[in-house]
Amino acid sequence: QVQLMESGGGLVQPGESLRLSCAATGTILSINDMDWYRQAPGKERELVAAITNRGSTNYADSVKGRSTISRDNAKNTVYLQMNSLKPEDTAVYYCKMAIRSGSWAIESNYWGQGTQVTVSS
């Protein structure tokens, strides 16, 4: 069974940095896209950053220039480096991966449990 585990969230002051990690475990054949989403209180979940299996990246305008998504395929892990954090970055951050697993090698989307990021002075 495939599971995703996030880490790296916490409470930081405006202008500081955080690095989120998300590792997939289980019987994994391959991983296609890896994404980071976030959901602030009272708002819909939104895509923050995405990276394909070839390394192409895409960012939400709200984090572009301040964040970097990367992946380590050997570790089945995706990272999100966030710099110059703002109070409006406060949210629960979720990773999502498109993973091919199992005897039938079916690709499915898996989500992590979420990690809280709070930016406040």
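Q: Is Lys96 buried or exposed?
A: Buried. This is a predicted model, and in it Lys96 has 11% relative accessibility. The cut-off for buried is under 20%, so Lys96 counts as buried.

Q: Where in the chain is Lys96?
A: Lys96 sits in strand 9.

Q: What is Lys96 in contact with, leaving aside neighbours within four places in sequence?
A: Lys96 contacts Leu4, Asp33, Met34, Asp35, Tyr37, Asn109, Tyr110 and Trp111.

Q: Now Met97. Which residues is Met97 in contact with, with neighbours within four places left aside?
A: The list is Leu4, Cys22, Ala24, Ile31, Asp33, Met34, Asn76, Val78, Ser108, Asn109 and Tyr110. Met97 also belongs to the largest nonpolar core.

Q: How many residues are in that largest nonpolar core, and which touch the most other members?
A: The core has 30 residues. Trp36, Val78, Leu80, Tyr93 and Met97 touch the most other members.

Q: Which elements give two or more residues to this core?
A: Strand 3 (18-25), strand 4 (28-39), strand 5 (46-51), strand 8 (77-82), strand 9 (91-101) and strand 11 (115-119).

Q: Which strand gives the largest share?
A: Strand 9, with 5 residues.

Q: Why do nonpolar side chains tend to be together?
A: As a general pattern, nonpolar side chains in soluble globular proteins tend to be buried together.

Q: New topic. How many aromatic pairs does a search of the whole structure find?
A: The search finds 1 aromatic pair. Tyr37 and Trp111 form that pair.

Q: What is the geometry of the Tyr37 and Trp111 pair?
A: The pair is tilted. The centres are 4.9 Å apart, with 55 degrees between the planes.

Q: Where do Tyr37 and Trp111 lie in the chain?
A: Tyr37 is in strand 4. Trp111 is in strand 10, which covers residues 106-111.

Q: What about charges over rings? Which ring does Arg19 lie over?
A: Arg19 lies over the face of Tyr79, at 4.0 Å from the ring centre.

Q: And Arg45? Which ring is that over?
A: Arg45 lies over the face of Tyr94. The distance to the ring centre is 3.7 Å.

Q: Let's zoom out. How many helices and strands are in the chain?
A: There are 0 helices and 11 strands.

Q: What radius of gyration does the chain have?
A: The chain has 14 Å. A compact globule with 121 residues would have a value near 14 Å, so the two agree.

Q: What box do the C-alpha atoms fill?
A: Roughly 50 × 25 × 25 Å, taken along the principal axes.

Q: How many of the residues count as buried?
A: Of the 121 residues, 40% count as buried.

Q: And the accessible surface of the chain, what does that come to?
A: About 6,600 Å². Carbon and sulfur atoms account for 45% of that surface.

Q: What share of contacts join residues at least 24 apart?
A: That share is 56%, among contacts between residues at least 6 apart in sequence.

Q: Now two serines. Where is Ser67 found?
A: Ser67 is in strand 7, residues 67-72. Ser67 is buried, with a relative accessible area of 6%. Not counting residues up to four places away in sequence, Ser67 touches Tyr59, Leu80, Gln81 and Met82.

Q: And Ser7, where does that lie?
A: Ser7 lies in strand 1, residues 3-7. At 39% relative accessibility, Ser7 counts as partly exposed. Leaving aside neighbours within four places in sequence, Ser7 is in contact with Arg19, Leu20 and Ser21.

Q: How far apart are Ser7 and Gly112?
A: They are 105 residues apart in sequence. In space they are 9.9 Å apart, C-alpha to C-alpha.

Q: Last topic, backbone angles. What is phi of Asn76?
A: Phi of Asn76 is near 50 degrees, a positive value in a residue other than glycine. Most residues other than glycine have a negative phi. Asn76 is in the loop between strand 7 and strand 8.

Q: What about phi of Ser84?
A: Phi of Ser84 is near 45 degrees, also a positive value. Ser84 is in the loop between strand 8 and strand 9.

Key. Residues numbered from 1 in each chain as written. Predicted model: local features only at pLDDT ≥ 70, side-chain atom pairs only at ≥ 80, totals over all residues. Heavy atoms only, no water. Core = buried A, V, L, I, M, F, W, Y, C linked by side-chain atoms within 4.5 Å. Buried < 20%, exposed > 50% of the residue type's maximum accessible area, 1.4 Å probe, protein only. Helix = DSSP H or I, 4+ residues; strand = E, 2+ residues; numbered from the N terminus. Contact = heavy atoms within 4.5 Å. Phe/Tyr/Trp six-rings, centres within 6.5 Å; stacked < 30°, edge-to-face > 60°. Lys NZ or Arg CZ within 6 Å of the ring centre and 35° of its normal. Rg over C-alpha atoms; globule rule 2.2 N^0.38 Å. Areas by Shrake-Rupley, 256 points an atom, 1.4 Å probe, with all protein chains shown as cover.
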